[in-house]
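Reader: I'm new to this one. Could you walk me through how to read it?

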Amino acid sequence: EIRDSLLPHKWVTVRLPDYALQSDIEVCRDALSAFGEVECLELTRMRIKLPRQIVKEACQAILSMESVEDLTVEEPSLEEVVEQVWGGAREGAGDA
C-alpha cells in the first residue's frame, strides 16, 4: 500500500529493431500514446510512464505489436522517489 502511494507508476521502455522504418516508429509511438505520455529516448527506443495497475495488460498489448522487439519494465529511480516524498511533504507543509 505504501509502495502504491509513493510509487504509483512504472516505466516501460520499448525497443524496436534498429532497421525499423520511420512509419513503423510513428505507428508504435501513436499506439503507445493510448497508454500514456511517450518519451523518445532514441530513434528506436521509447519510454512510457504507466500506472502500476495497468502494467501487465499494457505490456501484453505492447508485446503483441508487430514492430516491438523488446521491452523493459522498471520501478521509478531513487531520485524520482525522493522527489515524490519531498515534493509531497513541501506541498503538505504549504497547506498548513
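Author: Strands (E, at least two residues) and helices (H or I, at least four) are DSSP runs, numbered from the N terminus. This is a predicted model, where local features need pLDDT of at least 70, side-chain atom pairs count only at pLDDT 80 or more, and totals for chains, interfaces and linings use all residues. Residues are numbered from 1 along each chain as its sequence is written, and side-chain values use heavy atoms, with hydrogens and water left out.

Reader: Which residue in strand 3 does His9 stand opposite?

Author: His9 faces Pro51 there. Strand 1 and strand 3 (residues 45-51) run antiparallel, joined by seven bridges. Strand 1 also pairs with strand 4 (residues 70-74), again antiparallel, over five bridges; Val14 has Leu71 as its bridge partner.

Reader: How many of the seven residues of strand 1 are buried?

Author: Buried means under 20% relative accessible area, exposed over 50%, and partly exposed in between (1.4 Å probe, protein chains only). In strand 1 (residues 9-15), six of the seven are buried, so the strand is largely enclosed by the rest of the structure.

Reader: And how do I read a helix?

Author: An α-helix has 3.6 residues a turn, so residues three or four places apart point the same way. In helix 2 (residues 22-32), Ile25, Cys28 and Leu32 are buried. Looking down the axis of helix 2, its buried residues fall within an arc of 65° (taken from the directions from the helix axis to the C-beta atoms), so they line one face. Val27 and Asp30, on the other side of helix 2, are exposed.

Conventions. Pairing = 2+ DSSP bridges.
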